[in-house]
Amino acid sequence: MKRLRTWKAHDHKTSPAYPPEVSPLPRPDGWFYMGLTGEVKPGQVATRRLGCEDVVLWRTARGVLHANRPYCPHLGAHLGVGGTVQGDTLVCPFHGFRFDGTGACVRSYDAEPVKAALRTVEVREMCGFILAWNHHAGSPPTWEIPHLDSAGWSAPVQASVEFSSHPQEVMENFVDTGHVTRLHQNTIIGCEVTGLKPDAQSWSADFALRLRLSGGRTFVHAFSSEIHGLGYLLAEIDIPYGSLRAWLMNVPSGEWRVRSTFLFSVRPTLPRPVKGVYAALASHGALWATLHTVMLPANGGDVPLWNAKRYVDPPHLASGDGPIGRYRKWCRQFYPQDAA
Ligand code: FES
Ligand SMILES: [Fe+2]
């Protein structure tokens, strides 16, 4: 599935917890999901939201991906609105000035470039998707998301949902072990988490979830998972005839606004003739099952709760809660120091 499928989070019965442009949490720094590699083919330009400003992604004819903040330093045109790629340059639609991959203007009307540059955004590509670095002061990356080998893995399938919340709130699900057998009780009746701990910009843990199956049967679903910053969660899961990678990517798309995308990729251990069909069935099946559990209130969905809840600080924690206080302290590294 190449197309981005978008689900609606609003049920029109609840109001957002904060007025527009108000957020109790700052916008986080870090690596954030910008879409699938195939959404920006050689010679193409695409616009994505990151923080409260757009990012213009463009790929040279030779396949090198670049990203910039959108406004032309000449007279302010948005490079994502009619901007084109010519060779190794991005061409502004307004007066035709050209910019190279470093953001520098390399040509104006009379071939003499003006001394001005577009602001560049660092990007990385792996496993068939694009990540971009967001920093409140425009500083370069200070950490990386571990590179994954994608040999033998299927191209990821994805679906996304945008709602009123914040990447920190969505990612708090990772350490909020107390909610699992309550909110998700229709599907999860037991939850054991081991090794839940932070390490610099990441947390990792091993999960063993006891799932309720039809006919009163149960099944233990064990997997390891990790988060890197507030935008990237990866779970690696053994499935029959192969392995599954599941990602949850959160992008701040406004004040108290977040876009979350679920991606699934499969590495089958089956012989070639059935491999592709199995990978497609398993990854789409996982996507469908995830959307129907996290999206629907009747199934114990997280998204309707995130969409309507507010941020309580300090929270009134009870014994039985996961390490939420420790998580929130760890989160402060992703915010401007004065805001933290
Ligand atoms: S505004 Fe971009 S070339 Fe004039
Ligand atoms: Fe949850």
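Me: How many other C-beta atoms lie within 10 Å of that of tyrosine 241?

Reply: Burial is judged from C-beta atoms placed from the backbone: 20 or more others within 10 Å make a residue buried, 12 or fewer exposed, and counts in between partly exposed. Tyrosine 241 is partly exposed, because its count is 14.

Me: This is a predicted model, where local features need pLDDT of at least 70, side-chain atom pairs count only at pLDDT 80 or more, and totals for chains, interfaces and linings use all residues. Residues are numbered from 1 along each chain as its sequence is written, with chains lettered from A and ligands numbered from 1 in the order written. Where is tyrosine 241 found?

Reply: Tyrosine 241 has a positive phi of about 65 degrees although it is not a glycine. Helices (H or I, at least four residues) and strands (E, at least two) are DSSP runs numbered from the N terminus. On that numbering, tyrosine 241 is in the loop between β16 (232-239) and β17 (242-254).

Me: Is glutamate 21 buried or exposed?

Reply: Glutamate 21, in the loop between β1 (5-8) and β2 (30-36), has a positive phi near 70 degrees. With 10 other C-beta atoms within 10 Å, glutamate 21 is therefore exposed.

Me: Which loop holds proline 314?

Reply: Most peptide bonds are trans. The bond from aspartate 313 to proline 314 is cis, with omega near 0 degrees. Proline 314 lies in the loop between α4 (302-308) and α5 (324-331).

Me: How far apart are the C-alpha centres of domain 1 and domain 2?

Reply: An automatic or database assignment sets the bounds, giving domain 1 (41-122) and domain 2 (157-334). Their C-alpha centres are separated by 36 Å.
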